[in-house]
Amino acid sequence: MSISDIQYQQQAIDIFQQALAHERLSHAYILAGPRGVGKSSTAMEFAKILLCDNPIEKNNIIDSCGVCSSCKLVDAQTHPDLHPVYKELITLIPGKKEHKAIDLGIDVIRTALIEKVALKPYLKKGKVFIVYQADRMTRAAQNAILKTLEEPPARTYLFLITEQVSTLLPTIRSRAQTLKFELLPQKFVYDKLIENGTDDKQAEFLSKFAPGQLGTVLELLRLDAYDINRRIADELAHIRAADVDDFAQWLINEAKLLASRLAEIQSEQFEAKSSESELNRTALKLMLTMVSAFYRDAIRYKLDFDKDTLINSEYMEFVEWLAERYNLDELGLKIKLIGESQDRINANVNQNLLITDVLYRII
Ligand SMILES: [Zn+2]
């Protein structure tokens, strides 16, 4: 992979490239935008360029050479001067193994960033820190980073990745350059899936379920989200009140399987893992979003949207049935109830009760 493989984020890439060409790089960049649109990949490519022994220039773009030892170390995720910073690192700090890692706290920022900023780079080119989910930084963590941003050592670069730039302190935002990332065209995401060998129906569903978010879509592909959705469609279309308990139990069991697949995917990129319960909640929320999509489609159907824009256009009979059976208010209420149950999964609630309850209310 190289910087030229990142598509449709030209504005963000141009700002960085201009600064690079004129040797006016900022010490900190905020890569802001929706999930799954290429922020992490771009940060990784920027890091690769900054650490490369022999950057090359092609078509007015400065790129990493891809073949020097530094580039190879970045690709292997073992470069000693490239430091990923993320909330789960807390579990690698002695005595904190059981920590739930809900926020990106001061302990992680201190050990993974501040202490390492102070050290000399191992290789000659400098040091790069990529802070994932920067919006999850606590106030104390942000204030600690601020000190680094006030007096950064030469050739030290921070990339803060976030979906919500507004949660960063204004003082951090003013010391960093913000690079905005946008949703990708849906057709581009669809074409990428087809290029990957995904069949048409699956590509269509995934590219509509997470519109414009290639990274998310590729993850959903690995999670077999399409098959899970088919199962949900089948269950929902035939469910009677007496089946609700079984369906709730199935959702919860399936979420556990999904969570273990999420853990596998995560472990390919990161050394420290999210807690089982966090992955479980993520998986269950995803499945509820799939349930919700049928009611959203029914609303779109009632409002005469083009059939092709419906996420579940493959299950038109069921969507039409929902649209005939319920009015707009009723459908809206069901979506709201599902959304509320997703919010409540975060609290320490009994999942079984929560899911059974919401299913009874919507069915
Ligand atoms: Zn190189």
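Predicted model: local features only at pLDDT ≥ 70, side-chain atom pairs only at ≥ 80, totals over all residues.
## P80 and its loop

P80 sits in the loop that links α3 and β4.

Q77 is partly exposed, with 13 other C-beta atoms within 10 Å.

## R155, another positive phi

Now jump along to R155, in the loop between α5 and β6 (156-162). Phi of R155 is near 50°, which is a positive value, and R155 is a residue other than glycine. R155 has 16 C-beta neighbours inside 10 Å, so it counts as partly exposed.

## Two helices side by side: α4 and α5

Packed helices can be described by the angle between their axes and the distance between those axes. Take helix α4 (residues 106-117) and helix α5 (residues 139-150): they pack at an angle of about 10°, and their axes are 9 Å apart. α4 and α5 are therefore roughly parallel to each other.

Which residues make the contact? From α4 come I106, I109, R110, L113, I114 and V117, and from α5 come A140, A141, A144, I145 and T148. Sort the residues of this contact by type and you get nine nonpolar, one polar and one charged.

## Two helices crossing: α8 and α10

Helix α8 (residues 200-209) and helix α10 (residues 225-238) give you another arrangement to look at. Their axes come within 10 Å and cross at roughly 85°. That makes α8 roughly perpendicular to α10. On the α8 side, Q202, F205 and L206 make the contact, and on the α10 side it's A225, Y226 and N229. These contact residues divide into four nonpolar, two polar and no charged.

## A mostly covered helix

How many of the ten residues of α8 are buried? Eight are, so this helix is mostly covered. The buried ones are Q202, A203, E204, F205, L206, S207, K208 and F209. They pack against α7 (186-195), α9 (214-222), α10 and α12.

Let's zoom in on S207, which is found in α8. S207 counts as buried, with 27 C-beta neighbours inside 10 Å. Leaving out neighbours within four places in sequence, S207 is in contact with Q186, V189, Y190, L193 and V217. As for R361, it is 154 residues from S207 along the chain, and the two C-alpha atoms are separated by 29 Å.

## The two faces of α14

At 1.5 Å a residue, its 18 residues should span 26 Å, and the end C-alpha atoms are 26 Å apart, which agrees. In α14, the buried residues are L331, K334, I338 and S341. Seen down the axis of α14, these fall within an arc of 85°, so they line one face of the helix.

An α-helix has 3.6 residues a turn, so residues three or four places apart point the same way. The face of α14 turned away from its buried side carries the exposed residues L328, D329, K336, E340 and D343. The buried residues of α14 pack against α12 (276-302) and α15 (351-362).

α15 has twelve residues and reaches 17 Å from its first C-alpha to its last, close to the 16 Å expected at 1.5 Å a residue. Its buried residues are L354, I355, V358, L359 and I362. Looking down the axis of α15, they fall within an arc of 120°, so they line one face of the helix.

Which exposed residues are carried by the face of α15 turned away from its buried side? Those are L353 and Y360. The buried residues of α15 pack against α11 (244-269) and α14.

Notes: Residues numbered from 1 in each chain as written. Helix = DSSP H or I, 4+ residues; strand = E, 2+ residues; numbered from the N terminus. Expected span 1.5 Å × (residues − 1). Buried ≥ 20, exposed ≤ 12 C-beta atoms within 10 Å, placed from the backbone. Arc of directions from axis to C-beta. Contact = placed C-beta atoms within 7 Å. Axes fitted to C-alpha atoms, helices over the stretch in contact; angles between N-to-C directions. Parallel < 35°, antiparallel > 145°, perpendicular 65-115°, else oblique. Nonpolar A, V, L, I, M, F, W, Y, C, P; charged D, E, K, R; others polar.
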